[in-house]
Amino acid sequence: MQEKFYLTTAIDYVNGAPHIGHAYEKILSDVIIRHKRQLTDKAFMLTGTDEHGIKIQKTAAQRGISPKELCDENFSKFESAWKELEISYDKIIRTTDEQHKKTVKQIFNKLLENGDIYKHSYTGLYCAGCESFLSPKDLTEDGLCPNHLKKPEEITEENYFFRLTKYKDKIADYIKTHEEFIQPSFRVNELLNQLENIEDISVSRTRASVQWGIEVDGDNSQTIYVWIDALSNYITAIGYDINNPTEQFKELWPADVHVIGKDIIKFHSIYWIAILMSLGLPLPKTIFSHGWITIDQSKMSKSLGNVIAPKDVLKAFNLEKPDAFRYYMASAAPSGRDGNYSDEDFKEKVNANLANNIGNLLNRTLNMLVKYFDGEIKPEFITDKNNPIAIMAKNTKTQVIEAFNKYEVSEASALIVSFADAVNKYVTDNAPWTLAKDGKTEECARVLYNVLEAMRHIAIMLYPYCPNISTDILNQLSQKTDFKYTNLEWGGLKAGKITEKDKIKPVFLRLDSEFAADKKKG
Ligand code: MSP
């Protein structure tokens, strides 16, 4: 058994409904945590929503409702989207939670007390989309925020500032000496360059400009700026308290991984680390940044009208369970790189891999088991762990674990699918139907055993991506639905009657795309 594993996701802004970009991150994270739970009983996933700031304040004002009403309305959309996608988080935090607000005030005070926060009058370019001041160097040639393609607003205010420059060298040192800290590692240089030019950062806004936020304790002219508020969720959610942290906090902190998008690496790898250094807390093991999802190769945006909600995809393809979408999203891009969603590609990929490759393999083999052996596995036909398929199963398991250790979620799914490919080829090469016809009963039975035992392995390894399909596979094999990796030992599929003709059902049906695409437009 491994040690504890604490994973966090970014917390989403609730000024709109969840889209498949948000879903991408939560699915990746869920696949990782489900995999870790296969190895340890102490895996914990935190997600949440980021509810304060000027954007929420403005959207609520436009709608004529209170910011809290807007947050409640959108929070429930996120909550139900994650339920529909079967995101198995252990806790969902809202930054409007009382406990969180109380601890953020404490944290702010502690930083003040340490001399790391000071008051300073400042003129800067504020991007409400980023909820952050940008330096002129960050802007596009047209003077726009590179992430939101909007012109930042020039603001002059007296704010509290955090002495980021004090921690600059220490952070650079940490990044350079901890290989596993920034993942994927191709982000390291970009980050070190950003660190070179870092300045102290504003950590509050005047109450006059931002009312929707946590007040600075003892200074009601200032609101704590959203990033200190937001980043602190990773510790407040598990019971951090300056004087009296909970047992849960002591057990889980530091985080093993913060899963975030590539646009917010700086906040996590520089700002958050400096805050933790100031608080004297241990640092997270890894900050894993994923790429962005585009739609039909374009950036998702309200103005382009191409924002897709995860529930739209499930509805369009008539999917009662999220497995196909989870699988597709989790394998949409190489680790850390951008990926793309298109209806066509979705349909093609899940039909090829889930329906044809995996689903059909199981179906055909179970049918042969019924036809030639009355659905029964005899003890003498159980193969030994040195046969080529068993060795391949073992190697795949090792490689999948290694891939997950590097947060290569898509790469791990490809390993599972190529194992299924190899087993398909093994069936073709060994033609059990010919063996049966030629009276080579024993040989035929061994081939079928190899395939079904391989399917059991595939079901377990595929479980983090497709929990329902994997459950169905194990049910079809009459196995208990226990997905722990300790079950990945060759020979786990025991002798006995495992199926009958009318019990065999496809575990995944091909998607009918024309129908789906039409439905979606309607
Ligand atoms: N509230 C901040 C995060 C604070 S974490 C302490 C925020 N919110 S967000 O709603 O804008 O984004 C939430 C997460 O979704 C981020 O990690 C972001 O990178 C990710 N994504 C938003 N759009 C995305 C895509 N189109 N594709 C993939 N991920 C995307 O940033």
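## Pocket lining

H18 gives the most to the lining of the second largest pocket, with 3 residues. The model is predicted, with local features requiring pLDDT of at least 70 and side-chain atom pairs pLDDT 80 or more, while totals for chains, interfaces and linings use all residues. Residues are numbered from 1 along each chain as its sequence is written, and side-chain values use heavy atoms, without hydrogens and water.

Helix H18 (467-476) and helix H12 (323-330) each supply at least two lining residues; helices (H or I, at least four residues) and strands (E, at least two) are DSSP runs numbered from the N terminus. The volume of this pocket is about 420 Å³. A pocket is an open set of points on a 1 Å grid over the protein atoms alone, where a 1.4 Å probe fits, with protein on both sides within 12 Å along at least five of seven lines; lining residues have an atom within 4 Å of a point. Of the 16 lining residues, Leu-319, Glu-320, Lys-321, Phe-508 and Leu-509 are the closest to the centre. By class, the lining has 9 nonpolar, 2 polar and 5 charged residues.

## Sheet

An open antiparallel sheet has 3 strands in the order S10-S12-S11. Strands S10 (204-206) and S11 (215-216) are the edges, each pairing on one side only; pairing takes at least two DSSP bridges. S11 is joined to S12 (residues 219-224) by 2 bridges, and Val-216 has Asp-219 in S12 as its bridge partner.

## Helix packing

H6 (residues 188-196) packs on H10 (residues 265-279) at about 60°, with axes 11 Å apart.

Methods:
Points joined across faces, edges and corners; volume = space filled by probe spheres on them. Nonpolar A, V, L, I, M, F, W, Y, C, P; charged D, E, K, R; others polar. Axes fitted to C-alpha atoms, helices over the stretch in contact; angles between N-to-C directions.
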